[in-house]
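Please keep the view open while reading.

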Amino acid sequence: MAKLFYLSGLTAALLLAGCQAVNTTSGGAVGVERKQYMFSMLSSSELNQMYAQSYQQTLSEAQQKGVLDKNSTNARRVDAIAKRLIAQTPVFRPDAAQWAWEAHVIDSDELNANCGPGGKIIVFSGLIDKLKLTDDELAAVMGHEVAHALREHSREAMSKAYGVQMANQIGSVLGVGQAGLGVANAGVEYLMTLPNSRSNENEADLIGLELSARAGYNPNAAISLWKKMEQAGGGAPPEFMSTHPSSTSRIAALEAAIPKVMPFYEQAKGQR
């Protein structure tokens, strides 16, 4: 057991030594100020380039299958909302204005959307159609995904993955058996990956809320969005074991933040 504690401590020390403490965005009115630890040998530009290649491959495959939607009402809605959200991203990080943003719709029953590193957005039509999303609700989910990209949560997760890899390598050197390594890996995951993943989801909720409000979309739609998601998702695992906050705590956090961003919505609405 002492060897496992030593392993966990050494892994954490090596991980921190190979990482740089950064804050990828300004806090905004919602106050997201958490320091992030990024592996120094994995730059933002490298990850953006890698993801852009994967994104183009996904689009190409969708095109070949005839499911890349470019002309429907959904596609036009996503394009319009994306442009308004993207225009607000420099509030949180000025360099986002130079990103090669893209937004596409793929015809699929999947209830999902994402925005990868560098601003590559995909929305699956099932999310819009099955949940019957309004523009405000669609802006809420897209703003959430854009926030993940702004905060570079993918690069942060990859940086943490190096910690697990180091644990395996160090454990082998120290003679810790496979059972011991399993315990160590579980400890690294729950102590490092899952809590921060929940934190990442909370950050995306808050920054996405402010982005959509600044873009002129009603922030209250975030509440109706997650209620719809909850109804569609059915049962969920306990919050402690999940990378996503429970619907109850997520909605409570959003409700607490809405008064902070409502003035931006009122101002944007008055300018439209």
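## The exposed and buried sides of helix H2

In this predicted model, one side of helix H2 carries the exposed residues Gln49, Gln53 and Gln64, whereas the buried residues of H2 are Leu47, Tyr55, Leu59 and Ala62. Viewed along the axis of H2, these buried residues fall within an arc of 105 degrees, so they line one face of the helix. In general, an α-helix has 3.6 residues a turn, so residues three or four places apart point the same way.

## Length and end of H2

Helix H2 spans residues 44-65, 22 residues in total, and from its first C-alpha to its last it reaches 31 Å, which is close to the 32 Å expected at 1.5 Å a residue. Just after H2 comes glycine 66, which takes a positive phi of about 75 degrees.

Strand S6, made of residues 120-124, is mostly covered, with five of its five residues buried. In a regular strand, the side chains alternate between the two faces of the sheet. Both faces of S6 are covered, with Lys120, Ile122 and Phe124 buried on one side and Ile121 and Val123 buried on the other.

Strand S4 (residues 102-106) pairs with S6 in the parallel sense over five bridges, and valine 105 has valine 123 in S6 as its bridge partner. Strand S5 (residues 113-116) runs antiparallel to S6 and is joined to it by four bridges, with alanine 113 standing opposite valine 123. S5 and S6 form a hairpin with three residues between them, and in the turn glycine 118 has a positive phi of about 85 degrees.

Note on methods. Residues are numbered from 1 along each chain as its sequence is written. This is a predicted model: local features need pLDDT of at least 70, side-chain atom pairs count only at pLDDT 80 or more; totals for chains, interfaces and linings use all residues. Side-chain values use heavy atoms; hydrogens and water are left out. Helices (H or I, at least four residues) and strands (E, at least two) are DSSP runs, numbered from the N terminus. The expected span of a helix is 1.5 Å times one less than its number of residues. Buried means under 20% relative accessible area, exposed over 50%, partly exposed in between (1.4 Å probe, protein chains only). The arc is that of the directions from the helix axis to the C-beta atoms. Two strands pair if DSSP finds at least two bridges between them.
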